[in-house]
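Trainee: Could you walk me through this one? I'd like to start with the loops and then go to the ligand.

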Amino acid sequence: MTTLTITRPDDWHLHLRDGDMLNAVAPETARDFARAIIMPNLVPPVVTAKDAAAYRARIMAALPAGSDFQPLMTLYLTETTDPADLAAAFADGLISAVKLYPAGATTNSASGVKNINNVMHVLEKMAEIGCPLCIHGEVTDPSIDIFDREAAFIETVLDPLRNRLPDLRIISEHITTKDGVDYVRSAAQNLAATITTHHLIINRNHILAGGIRPHYYCLPVAKRETHRLALVAAATSGDPRFFLGTDSAPHTDPNKLMECGCAGVFSATNTMSCLAHVFESEGKLETLEKFASLNGPNYYRLPVNETTITLTKQPDPVQFAPKIETPDGPVTVFDPGFPLYWSASQ
Ligand code: NCD
Ligand code: ZN
């Protein structure tokens, strides 16, 4: 197969940032994607409906002229979140989900949740109104090995939460382990997971073997190859509980390459080419549309897009600019480590 036309995809986990960075990266997503769930971890975070409305307006202003891209806004759950403000924002369609960051788990998560019991009344409200909860599923206990933090979270936080609030609609964000895949598969209802582009392609050797490669460092950190293979199997299976969330998270090169570099992989630019490559390698091109375009809206109870994109396999590798220039500095585009032959067009 050399061309594949699919329903236009959506990105169910995206960092657009703010200011100059927002202006530089928003067009990269708007090119191929119709909608994206916008992460609220700005500094300061997007906590109230008012914050979300203002951020949404800044995103709209950053889009290229004529773009019909739709940002799907989220609120950053804090221990002082007002459930009434949240419920009104969800009822108005201003927000599509709420994001739970365990405090200290990742970039700009200091205002996150220290003890889940302190937000239980908010989560109860969300279960009642059907508002989805996106979870960064890693424990923050410094005594837990960083490669085990996702599995520990499932056991100690996620499973008890699901038992306590079975009606809460949860998205386990950017799962990176076979444990995460198996747990989602075992759930009868109200649990789905996003999988990133880069976690389908890299394992921890890409970060650490033969020299340290900061551009592959993100959170949750990539795990060993067995886990990557489980993610590829889940993503390409067509199972409606798995869908694309790129977690494209731009940081400038100086911030990535310093002594204590930031976590985040920027993959907005070439995600669809990377995914076509991965799915083709598995002999599963026919399930790409489910993963990138159908399963997400179905879980979020939103209509699927009416427009399409066409992926075309070129005879020669497609050249992507290796960096996006921004006034803050260059942002390196995810390098899958192999040539890309698929290009996307509208
Ligand atoms: C994200 C960021 O930079 O905001 N970084 C990352 O490594 N994924 C935060 C996040 O989603 O964990
Ligand atoms: Zn993220």
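Mentor: Happy to; first, helices here are DSSP runs of H or I with at least four residues, strands are E runs of at least two, and both are numbered from the N terminus. This is a predicted model, where local features need pLDDT of at least 70 and side-chain atom pairs pLDDT 80 or more, while totals for chains, interfaces and linings use all residues. Residues count from 1 along each chain as written, chains are lettered from A and ligands numbered from 1 in written order, and side-chain values use heavy atoms, without hydrogens or water.

Trainee: Ok, where is arginine 17 found?

Mentor: Arginine 17 is in the loop that runs between strand E2 (11-14) and helix H1 (19-32). Its phi is positive, near 60°, and the residue is not a glycine.

Trainee: How much of ligand 1 does the protein bury?

Mentor: The protein buries 100% of the 310 Å² that ligand 1 exposes when taken alone (Shrake-Rupley areas, 1.4 Å probe).

Trainee: How many residues surround it, and of what class?

Mentor: There are 15 residues around ligand 1, with Asn41, Thr106, Leu219, Asp247 and His251 the closest (a heavy atom within 4 Å counts). That shell holds four nonpolar, nine polar and two charged residues (charged is Asp, Glu, Lys and Arg; nonpolar is Ala, Val, Leu, Ile, Met, Phe, Trp, Tyr, Cys and Pro; the others, Gly among them, are polar).

Trainee: Switching to cavities, which one does ligand 1 sit in?

Mentor: Ligand 1 sits in the largest cavity (more than half of its atoms lie within 2 Å of the grid points). A cavity is a set of points on a 1 Å grid over the protein atoms alone where a 1.4 Å probe fits but cannot get out, lined by residues with an atom within 4 Å of a point. This largest cavity has about 120 Å³ of space (the volume of probe spheres set on points joined across faces, edges and corners). Of its 15 lining residues, His15, Thr106, Thr107, Leu219 and Asp247 lie nearest the centre.

Trainee: How many cavities of 30 Å³ or more are there?

Mentor: The search of the whole structure finds three.

Trainee: What kind of peptide bond joins leucine 219 and proline 220?

Mentor: A cis one, with omega about -5°. Proline 220 is in the loop between helix H7 (204-208) and helix H8 (225-236). Valine 43 to proline 44 is cis too, with omega near -5°, and proline 44 lies in the loop between strand E3 (35-38) and helix H2 (49-62).

Methods:
1 Å grid on protein atoms, 1.4 Å probe; cavity = no way out; pocket = protein on both sides within 12 Å on 5 of 7 lines; lining within 4 Å.
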